[in-house]
Amino acid sequence: KTPDAHVPRDPRLIRLTGVHPFNVEAPLSALFNEGFLTSAELFYVRNHGAVPKVKDEEIPDWEFSVEGLVRKPLTLTLRQLIAEYEQITCPITLVCAGNRRKEQNQVRKSKGFSWGPAGVSTALFTGVAMSELIKRARPKKKARYVCMEGADKLPNGFYGTSVKLNWVMDPNKGMMLSYKMNGEMLRPDHGKPLRAVIPGQIGGRSVKWLKKLIVTAAPSDNWYHIYDNRVLPTMVSPDESANDPKWWMDDRYAIYDLSTNSAIAYPAHEEQACLVGGPEKYRAKGYAYGGGGRRVTRVELSLDKGRTWRLANIDYPEDRYRDAEQILYGGRLDMSWRESCFCWCQWSLDFRVSELADAKDIVVRAMDESMNIQPKEMYWSVLGMMNNPWFRVTISKEG
Ligand code: MTE
């Protein structure tokens, strides 16, 4: 019996770290078939330890605080957060920094477990803009960062991290405290009853089971902020890095904005029959996302290892929400104020079956509005994070 025996889970999820802690992704095709929004059942999970136990009747009384370099420290319950602050609902894609790490581990073992390309999911998050709480607490002059701390007690203390205060106060960064996902109260694995949602940045900043916001002059000194979620220089090997804190203490290597990334859901690696019989055309499909609120502006595919490229069609379902002032799941959905793009997009491109049959593989790359393009080569690093070279699927000739 694991410490998480109380948590309901979907058997379709693929376990990446054995029985405990719970770290899972859906099969890529199942995730993609869900469409723009991912159900709570198939939403990826990244837990460092046991899920805190919170009974339903305890949810309204969940207490959290805003403290540190503020003139007016706050302690409030979830009930008060809902009653006293404006509620907003926004579609947001979360991505684990380890998404696609498996490819890094195949080249050289990193210090992380092997995520496939489904460490990414999208939901409508309902809650309160983090800036509203910070404003009410009135930060002091020296305040520069907002640290967050969760309720999960881990071998190295509570899980925690930080973001910059001026990001929190920027409405285009969309940072929020959320208690609902797709209209339902958060499930235990996703932070029940309250979490931070930090759009456009690596999932590791979106602290679950949130207990504290601490306004500080320096970045978080939490163990998980320092020894996790970093891309160290590529020459740092697992042994060296484990021993030398100088690499970890260097804040330049901390990662925040996601890197531009994409993957092919169809054809799948294991899909063999697509070229045998069937229709003349095959529609390749997949997802792409940019970091820091930047929009993906092109997705290109190649059948000849990058010598020539074709432009895919991009669909941004997020835009259909952006233009619609509608009431959704009890929260207000109004994204008209927001310039940024915080969700994945879906791309597709038709090929003739005969040309696919002649090719060895199919690769995809995405570019964002700042012309950040996925690299051809992998940048290996000791935690295997932010892996985003061209995504490649081998075309099988056996049907
Ligand atoms: N918050 C707490 N308290 N404990 C955790 O282990 N994991 C982080 C983040 N917040 C974590 C956490 C990481 S690394 C990721 S990628 C996201 O939560 C995953 O969120 P999800 O499980 O809801 O998909």
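Which is M371, buried or exposed, and how many C-beta neighbours does it have inside 10 Å?

Mentor: Happy to! M371 counts as exposed, because it has 10 C-beta neighbours inside 10 Å. With C-beta atoms placed from the backbone, a residue is buried if 20 or more other C-beta atoms lie within 10 Å of its own, exposed if 12 or fewer, and partly exposed in between. Before we go on, please keep in mind that this is a predicted model, in which local features need pLDDT of at least 70 and side-chain atom pairs count only at pLDDT 80 or more, while totals for chains, interfaces and linings use all residues. Residues are numbered from 1 along each chain as its sequence is written.

M371 is in the loop between strand 22 (361–368) and strand 23 (391–394). Helices (H or I, at least four residues) and strands (E, at least two) are DSSP runs, numbered from the N terminus. Most residues other than glycine have a negative phi, and most peptide bonds are trans.

R100 sits in the loop between strand 6 (88–95) and helix 3 (101–107). Whereas M371 is exposed, R100 counts as buried because it has 25 C-beta neighbours inside 10 Å.

Loops also hold the cis peptide bonds I would show you. One joins H20 and P21, with omega about -5 degrees, and P21 belongs to the loop between strand 1 (14–15) and strand 2 (23–25). Another joins K192 and P193, with omega about 10 degrees; P193 lies in the loop between strand 11 (184–185) and strand 12 (195–197).

For contrast with the loops, look at a sheet. Five strands form an open, mixed sheet in the order 5-4-13-8-9, where two strands pair if DSSP finds at least two bridges between them. Strand 5 (74–77) and strand 9 (157–164) are the edges, each pairing on one side only. Inside the sheet, strand 8 and strand 13 (residues 210–216) pair in the antiparallel sense over six bridges, and E149 stands opposite K212 in strand 13.
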